[in-house]
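This report is an introduction for a reader who has not seen the structure before. Please look over the sequence and the structure before reading on.

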Amino acid sequence: MSPVSPETDGSPMDLILNFVPTGMLPTKADNPHVPVTIEEILADIAAVQQLGITMVHVHVRDAAQQPTLDTGFYAELVSGIREIDPQLVVCVSCSGRRSPELAARRLPLTLTGNAKPDLASLTLSSLNFTRQASITSPETLTGLATEMLRHGIVPEIEIFDTGMMNVLRYLREHGNIHDPCYINLILGNIASAQCEPGVLGLLLGQLPPGALWSLGGIGSVQLPANALGIALGGGVRVGLEDNLFFDQARQQPATNLSLVERVHSLARIHRRKIMSPADFRSRLRLLPGHGSYGREPISI
């Protein structure tokens, strides 16, 4: 169940720290520390990069601070991240919350050069959140997976329940997703799997061979999910996209820096080092950084 480094005596591999600075919905009215402009997002990434992170999962907003999939905004953000750390692994969101159509959601996959992402998010089904639905039709799902292969971009697979594990198995068997996989298990959403040991054990038991995984939690579930991920030898997903408060009573607004600092504290307790972006690239068979990102494109 717990990934181990083959070059060690069986101790857990270094900790994948997947930083999620801002999502599509949080605003400064929800938490004044939420970064919404590209400059603010880059500032938060630079701050936590100094502490140590493995990768960053990003969304962008337009000039009116509304969520967008526009390639111009994504290109500016991804290029800015490369200036902070050329090796940092970058994932762009292809979310279905605002744009369920494939034509819009594939746009970030067309970025090239210094703006090309390493990974792109791939949620394996439609699901409801508290405020809206995220719609992904079967045709859109396979279309996105195919486009990622075509452009040499690795899917950041997002799984919210056991049904999505079935979808993952199907896509791997039909060649839509190639190993090794990187998977986010996201717990605590109202319509999905909850952060309970039995539920988590069931999900971990269905991971593909050799898969790398991180554990995330929605809202107040983020802290216990991060603690479980660290204790069980997996990675963590952490940031203001998923959780706006530092305390379980939801009274103290969090900052991205405070959430990442807490993960570092938990990691030290468990004697887990943060996985370097270079190590993560090697394990996922990504090309090295410094101007060349992602896997080699595949002819389809």
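## Asparagine 243 and its surroundings

N243 touches G219, S220, Q222, R250, L259 and R262, leaving out residues up to four places away in sequence. The model is a predicted one. In the chain, N243 belongs to the loop that runs between strand 12 (235-238) and helix 8 (256-269). Its relative accessible area is 4%, and residues under 20% count as buried, so N243 is buried.

A polar atom of the N243 side chain lies 2.8 Å from the backbone oxygen of F245. S299 is 56 residues away from N243 along the chain, and the C-alpha atoms of these two residues are separated by 39 Å.

R250, one of the residues that N243 touches, is also placed in the loop between strand 12 and helix 8. R250 is partly exposed, with a relative accessible area of 37%. The phi angle of R250 is positive, near 60°, in a residue other than glycine.

## The largest pocket

The largest pocket has a volume of about 690 Å³. Its lining is made up of 36 residues, and those closest to the centre of the pocket are L25, R97, F129, I218 and E241. By type, the lining divides into 15 polar, 12 nonpolar and nine charged residues.

## Helix 9 and the residue after it

Which residues of helix 9 are buried? In this helix, which spans residues 277-284, they are P277, F280, R281, R283 and L284. These residues are on the same side of helix 9, because they cover an arc of only 165° around the axis.

Several elements cover the buried residues of helix 9. Among them are the strands 2 (55-58), 5 (89-92), 6 (119-123), 10 (182-187) and 11 (212-217), together with helix 2 (71-84).

R285 follows helix 9 and lies in the segment after this helix. Is R285 buried or exposed? With a relative accessibility of 61%, R285 counts as exposed. The phi angle of R285 is near 60°, a positive value in a residue other than glycine.

## Serine 214 in strand 11

S214 is a residue of strand 11, one of the elements that cover the buried residues of helix 9. S214 is buried, and its relative accessible area is 0%.

The side chain of S214 makes a polar contact of 2.7 Å with the side chain of Y182. Apart from residues up to four places away in sequence, S214 touches I16, Y182, I183, N184, L185, G235, V236 and R237.

## The loop between helix 5 and strand 10

Two residues of the loop between helix 5 and strand 10 are described here. One is P180, in the loop between helix 5 (162-173) and strand 10. A cis peptide bond, with omega about 0°, joins D179 and P180.

The other is N176, which is found in the loop between helix 5 and strand 10. N176 is buried, with a relative accessible area of 17%. What does N176 contact, apart from its neighbours within four places in sequence? The residues in contact with N176 are A145, T146, L149 and L171. A145 is 31 residues from N176 in sequence, while their C-alpha atoms are 5.8 Å apart in space.

## Arginine 106

R106 has its place in the loop between helix 3 (102-105) and strand 6. R106 is partly exposed, with a relative accessible area of 26%.

Leaving out residues up to four places away in sequence, R106 touches L144, E147 and H151. With E147 there is also a polar contact: the side chains of R106 and E147 are joined at 2.8 Å. G143 lies 37 residues from R106 in sequence, and the distance between the two in space is 8.5 Å, C-alpha to C-alpha.

Technical notes: Residues numbered from 1 in each chain as written. Predicted model: local features only at pLDDT ≥ 70, side-chain atom pairs only at ≥ 80, totals over all residues. Heavy atoms only, no water. 1 Å grid on protein atoms, 1.4 Å probe; cavity = no way out; pocket = protein on both sides within 12 Å on 5 of 7 lines; lining within 4 Å. Points joined across faces, edges and corners; volume = space filled by probe spheres on them. Nonpolar A, V, L, I, M, F, W, Y, C, P; charged D, E, K, R; others polar. Helix = DSSP H or I, 4+ residues; strand = E, 2+ residues; numbered from the N terminus. Buried < 20%, exposed > 50% of the residue type's maximum accessible area, 1.4 Å probe, protein only. Contact = heavy atoms within 4.5 Å. Polar contact = N/O pair within 3.5 Å; in protein donor to acceptor, adjacent residues only side chain to side chain. Arc of directions from axis to C-beta.
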